[in-house]
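Dear colleague,

I am passing on the structure we spoke about, and my notes on it follow directly below. Please read them alongside the coordinates.

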Amino acid sequence: VLMLNAGIMACPYKLTRQGIESQIGVNHVSHYLLTQKVLPNMIKTASVPGQPVGRVITLSSSAHHLAPRYGLRSIQKMNSE
């Protein structure tokens, strides 16, 4: 089982070393990259008789309800600041 859980929230604006807004980088891009790294082994293991099928689980919180009603700035704008 690969469990992806959001990592940071409500932190000051900051960019990752790759130039991505930190919350997007940690909570989304890193989950995608980790899944891409692990997925080939999960697929290979799933083809072995008697082995359980792998699962990828993505967790979240209800914090999205706290976002401003007018929406978030675009990711491009956030990354260009």
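**Notes on helix α1 and the surface**

Apart from its neighbours within four places in sequence, Asn27 makes contact with Ala6, Gly7 and Ile8. Please keep in mind, for this and for everything below, that the model is a predicted one. Asn27 has its place in helix α1, and because its relative accessibility is 11%, below the 20% under which a residue is called buried, Asn27 counts as buried.

Thr35 also belongs to helix α1, and with a relative accessibility of 13% Thr35 is likewise counted as buried. When the neighbours within four places in sequence are left aside, the contacts of Thr35 are with Leu2, Leu4 and Val56.

Turning to the loops, Met9 is found in the one between β1 (2–4) and α1 (22–46), where Met9 is exposed, its relative accessible area being 53%. Between the C-alpha atoms of Met9 and Val26, which stand 17 residues apart along the chain, the separation is 9.7 Å.

Leu59, for its part, sits in the loop that runs between β2 (56–58) and α2 (75–80), and at 34% relative accessibility Leu59 counts as partly exposed.

Terms used: Residues are numbered from 1 along each chain as its sequence is written. This is a predicted model: local features need pLDDT of at least 70, side-chain atom pairs count only at pLDDT 80 or more; totals for chains, interfaces and linings use all residues. Side-chain values use heavy atoms; hydrogens and water are left out. Helices (H or I, at least four residues) and strands (E, at least two) are DSSP runs, numbered from the N terminus. Buried means under 20% relative accessible area, exposed over 50%, partly exposed in between (1.4 Å probe, protein chains only). Contact means heavy atoms within 4.5 Å.
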